[in-house]
Amino acid sequence: MNGRNWNHVLIYDGPKRKSELCKAKDFYAEWFKRWAGELNEPIRFHRKQWEFIYVMQALWERECIKEGKKGLVFAVGTEPLPSIFAKYGCDIVATDIFPEEGKSKGWETGNQLCFGLESLNTRNLIDDATLRRHVTYRPVDMNAIPADLKGFDFNWSSCSFEHLGSIDKGLNFLENQLKTLKPGGWAVHTTEYNLTANDRTLDSGDTVIFRYRDIEEIVGRLRKKGHFVEEIDYSIGGLPEDFDVDVLPHLQETHLKLQINEFTVTSIGLIIQKKKGLFG
């Protein structure tokens, strides 16, 4: 069954996704199974699978994934979401770091770097003609988003803004990315979350880890400017998989929580709506 048929014959009437941490219970939910099927993946307790499916479900619930909607993705790599959204009739601008800069950071391996449209349908989830009709690609520096990237109904990123160089640069991105949206547009972004400490963390370098206080700071900044941020559920979950920490060398069998240096880390998803005022 393709995505558009699902749109007409099934209705999701459960609670909407909150801003929240990755938890094992989601992997048993019908909405999670549905999107795993669209990804053509078996369900596995891995936070990267959760991030993709969380983004898709959060945008679906907010009626972004439908014919004629315009979406923008940051740091796309080779992720499958643009091809799935194109199948539903969305027009997507896929962006990633400039290739030479990405290579210098070692992101050429592990499917972390996009080199154009040929990188965006490696799973053959849609036909090439549909991809080229609905998806375009351009290199973009997330620390300097071009002013002409605007007017989108939604945008997203999956574990990307922790790689911008510092905690401050990541938080600034969460403010700046809203300029790409229409008033009332939706943004869904996932990143690294520090479960160990609210004081010490990795706060600069190629990967940073956001703490509770960092998340609360940016939520306060956004709300003060009139934007809406979905309530944050900081609970870590109560199933066995929620207490399994994937320590070095990261076997990635159960990978909802993992060790980075001395910290235990998971993924957090943030759902933000740009204020609806006339001038956004």
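This report walks through the fold, the cores and a few individual residues of the chain shown above.

The model is predicted, so local features need pLDDT of at least 70 and side-chain atom pairs count only at pLDDT 80 or more, while totals for chains, interfaces and linings use all residues. Residues are numbered from 1 along each chain as its sequence is written, and side-chain values use heavy atoms, with hydrogens and water left out.

**The chain as a whole**

The chain has eight helices and eleven strands. Here helices (H or I, at least four residues) and strands (E, at least two) are DSSP runs, numbered from the N terminus. Of the 280 residues, 54% are buried; buried means under 20% relative accessible area, exposed over 50%, and partly exposed in between (1.4 Å probe, protein chains only). The accessible surface is about 12500 Å², with 50% of it belonging to carbon and sulfur atoms; these areas come from the Shrake-Rupley method with a 1.4 Å probe, and for residues only the protein chains shown count as cover. Among contacts with a separation of 6 or more, 69% are between residues 24 or more positions apart, a contact being heavy atoms within 4.5 Å.

**Two cores**

A nonpolar core is a set of buried Ala, Val, Leu, Ile, Met, Phe, Trp, Tyr and Cys residues joined through side-chain atoms within 4.5 Å. The largest one holds 44 residues, and Leu 59, Ile 65, Phe 85, Phe 154 and Trp 156 have the most contacts inside it. Elements giving it two or more residues include helices H2 (30-39), H3 (47-61) and H4 (81-87), along with strand E5 (152-158). H3 gives the most, with nine residues. Beyond its neighbours within four places in sequence, Phe 154 is in contact with residues including Leu 59, Ile 65, Phe 85 and Trp 186. A second, separate core has 29 residues, among them Val 140, Leu 164, Phe 173 and Ile 218.

**H2 against H3**

The axes of H2 and H3 come within 10 Å and cross at roughly 110°. Axes are lines fitted to C-alpha atoms, for helices over the stretch in contact, and angles run from 0 to 180 degrees between N-to-C directions. The two helices are therefore roughly perpendicular, a label for angles of 65 to 115 degrees (under 35 is roughly parallel, over 145 roughly antiparallel, and the rest oblique). On the H2 side, the contact is made by Trp 31, Phe 32, Arg 34, Trp 35, Ala 36 and Leu 39; the H3 side includes Trp 50, Phe 52 and Trp 60. H2 is mostly covered, with seven of its ten residues buried. Just after H2, Asn 40 takes a positive phi of about 60°.

| Residue | Relative accessible area |
|---|---|
| Thr 266 | 0%, buried |
| Asn 194 | 3%, buried |
| Ile 43 | 37%, partly exposed |

Ile 43 sits in the loop between H2 and H3. Its C-alpha atom is 7.2 Å from that of Lys 33, ten residues apart along the chain.

Thr 266 belongs to strand E11 (residues 263-273). A polar atom of the Thr 266 side chain lies 2.7 Å from the backbone oxygen of Leu 256.

Asn 194 is in strand E6. A polar atom of the Asn 194 side chain lies 3.5 Å from the backbone oxygen of Arg 200. Leaving out residues up to four places away in sequence, Asn 194 touches Phe 263 and Thr 264, among others.

Key. Polar contact = N/O pair within 3.5 Å; in protein donor to acceptor, adjacent residues only side chain to side chain.
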